[in-house]
Amino acid sequence: MTSRYRSSEAFQGLNSPSPRRRTVVKAAAATAVLAGPLAAALPARAAADAPAFLHGVASGDPLPDGILLWTRVTPTSAAIPGSGVGPDTEVSWTVAKDKAFTTIVSKGSLTATASSDHTVKADIRGLEPATDYWFRFSAGGTDSPVARTRTAPAANAAVAGLRFGVVTCANWEAGYFSSYRHLAARSDLDAWLHLGDYIYEYKSGEYAARGTVVRPHSPANEIITLADYRTRHGKYKTDPDLRALHHKAPVVAIWDDHEFADNAWSGGAVNHTEGAEGTWTARQAAAKQAYFEWMPVRPAIEGTTYRRLRFGKLADLSLLDLRSFRSQQASTASGTVDDPNRTITGRAQLDWLKAGLKASDTTWRLVGNSVMIAPFVIGSLTADLLKPLAKLLDLPQDGIGVNTDQWDGYTDDRRELLAHLRSNAIGNTVFLTGDIHMSWANDVPVDAGTYPLSASAATEFVITSVTSDNLDDIVKVPEGTVSAIAAPLIQIANRHVHWVDTDRHGYGVLDITADRAQMDYYVLSDRTNANATSSWARSYRTRTGTQKVERTYDPV
C-alpha cells in the first residue's frame, strides 16, 4: 500500500567502535595527491571538461511549502571534491509536478564555486503541501539525473499515515550499501531518516568488515582537513545505492561522531590527537563545513543539526545534535555519569527539546536521537562475550555496566527529560536511535532500577548498522551465534528491553497512524555482497497512549 503524508509547519529551531592505536597522518594538501584515487572512482565522463553531475542530486528537510535541493557539479576534470580548484559555474534548477517536466513550478540558478567545493543548495518555497515533485539541475548544457521529492503536509492537516525509511552507521570499507538500494526500491516512503555516521573518518584498513577491507575509500588517510572531509563525502556520493535513495525521497539527517571523529564531544574526540592532528577546533569546523556543503540539511542555528519538522497533526520530529555541546565522556578525570554539571545536550538544546515536546499538539512526538537513551546494564554475560561487547560499546572492559557515550553517561540530562515527560503527561514520545550497531525495541523507564519496573515515559526503536561491525563481527563467529546467547541475558538484566539483535545489518521502516507507531526491522543477507537481498526480521509497535512497546507479527 502507498502511504502519504498529509503536512508540516515551517522548519523550527532555537538557537561505536572502540579506541584504538592510530598512526598519525599528515594532511593531504596537494591536488595531485587527491586527484588520483578519487578520479579513478568516478563515473566516466561524457565529454572532456564538460560540466558533469558525478555525485547525483538530493533533497531534504521537507516543509509544507518547500524543500531543500542539493547537487555538486564537477565543472572540469581537475575540479574534484576537496581540490579547491575549478571555475565558477552557473547551475540552474527546475522543479516540476511531473517526471516529464511538462508542468514546471519553479526555476532558478545559483553559482557553484570552489569555496563551497562546487556544491549548491536551492531552498525552494511556494510549493503545495503533501505533493510529489520532480527536480533536476543543469550546467553548461548538461542535465543532472531527475529525482523525486515530496513536501510535508500542511501544519493543520489531518494526516492518515506517514512512512519513513530509517538508517544509520554506513561504513564504506565494511561493505555495500544494499540497505539504501532496498529502500530506494520502495514506492511508499514519504522521507528517510539518517540518524548519524553517514560517513566514517578512519584511515583505510583501520575499521573494515571483520578487519577486511571490502572496498577502499578515499582519501586513504584518516580525514582531518577540510579537503579530506570533502573528499570523503564525495566518495560516499559516488555509491550507486546511496545516490538511488537520494533520488527517490527527501532525507532528514542528523550527525553523530564519525562525521567528525570517534567518540566526539564538544572539546575533542577519542580519535583525535591534539597537536599532531592539528587543533580540535579546526578539525571540528572543517567537518561541519563539509557536512553542510555536502548534505541537504537546513541548520536551525549555524553549526548544529538540532531543529524541528512537522508533518501535519500526526507527528512532529525533533532532531538532536548530541556531539556539539556534550561534555567529555565520563572517566576518572572527567567526572561521574551522575554529575549534574555534565551534559549530552547542552542547556539550550535540552530546554528547546523540553519546550517543544510540551507545546506539541500532534498525535506523535518523534525524536531523532543519535545514541541510545534507554538505560543498559550488561548483567551476567560470560567473560568471552563481555569483553567484545564492552569493546563495541566503548565500555571499560572490567564489567562496568554503562556505556558512557550514550545517555547512560549523562544521567542527569536523561533524568530531567524523562521527569519532564512524566510530570507534564506528555505521551506518545518515540525516540528513533542509531549508533550502537544493533537492533533494539525498548521502553524508556523513568527509573530502571526499581522493582517492579517503574512507569515508562517513552519508547525507543534502535536501528542496526548499514555495514559497520556489530557483535558477531567483533567476535568473528557466524551470524546469530552471539545474539542467541547474549540477547536473553541482556533482556534479563534490562527488563524494559523487549528485543535486541546483536548480530545483523539492515534498516528500518517506521509507519505511523493515529493508533500506533510501528517499526519494521529488515536485515541483509550479506553486507559484503553488492547484490545482497533483504528480508523482514521483526516488527514492534507502540499503541497510542501506552508508552509501551509490544511485538506485532506482520510488517506494514
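Predicted model: local features only at pLDDT ≥ 70, side-chain atom pairs only at ≥ 80, totals over all residues.
Local features were kept at pLDDT of at least 70 and side-chain atom pairs at pLDDT 80 or more, while totals for chains, interfaces and linings use all residues. Residues are numbered from 1 along each chain as its sequence is written, and side-chain values use heavy atoms, with hydrogens and water left out.

Start with the sheet. Seven strands make up an open sheet in the order E14-E15-E16-E17-E19-E18-E20, and the pairing is mixed. Strands here are DSSP runs labelled E of at least two residues, helices are H or I runs of at least four, and both are numbered from the N terminus; two strands pair if DSSP finds at least two bridges between them. Strands E14 (307–311) and E20 (497–501) sit at the edges with a single partner strand each, so one side of each has no neighbour in the sheet. On average, and ignoring direction, neighbouring strands are turned by 20° against each other. Within the sheet, E18 (residues 439–445) and E19 (residues 456–462) run antiparallel and are joined by six bridges. One of the residues involved is tryptophan 440, whose bridge partner in E19 is valine 462.

H6 lies across E14, E15 (315–319), E16 (364–369) and E17 (429–433), running at about 15° to E14. H10 (residues 481–493) lies across E18 and E20, at about 160° to E20. Axes are lines fitted to C-alpha atoms, for helices over the stretch in contact, and angles run from 0 to 180 degrees between N-to-C directions. Contact means heavy atoms within 4.5 Å.

H6 (residues 347–359) also has a helix partner: its axis and that of H8 (residues 411–423) come within 10 Å and cross at roughly 15°. That makes H6 roughly parallel to H8, a label for angles under 35 degrees. From H6, Arg347, Leu350, Asp351, Leu353, Lys354, Leu357 and Lys358 meet Asp413, Glu416, Leu417, His420 and Leu421 of H8. The contact residues split into five nonpolar, one polar and six charged. Nonpolar covers Ala, Val, Leu, Ile, Met, Phe, Trp, Tyr, Cys and Pro; charged covers Asp, Glu, Lys and Arg; the others, Gly among them, are polar.

Then there is the pair H3 (residues 226–236) and H5 (residues 280–294), whose axes come within 8 Å and cross at roughly 35°. Among the residues making this contact are Tyr229 and His233 of H3 and Ala286, Ala290 and Trp294 of H5. The tally for H3 with H5 is seven nonpolar, three polar and three charged.

Terms used. Parallel < 35°, antiparallel > 145°, perpendicular 65-115°, else oblique.
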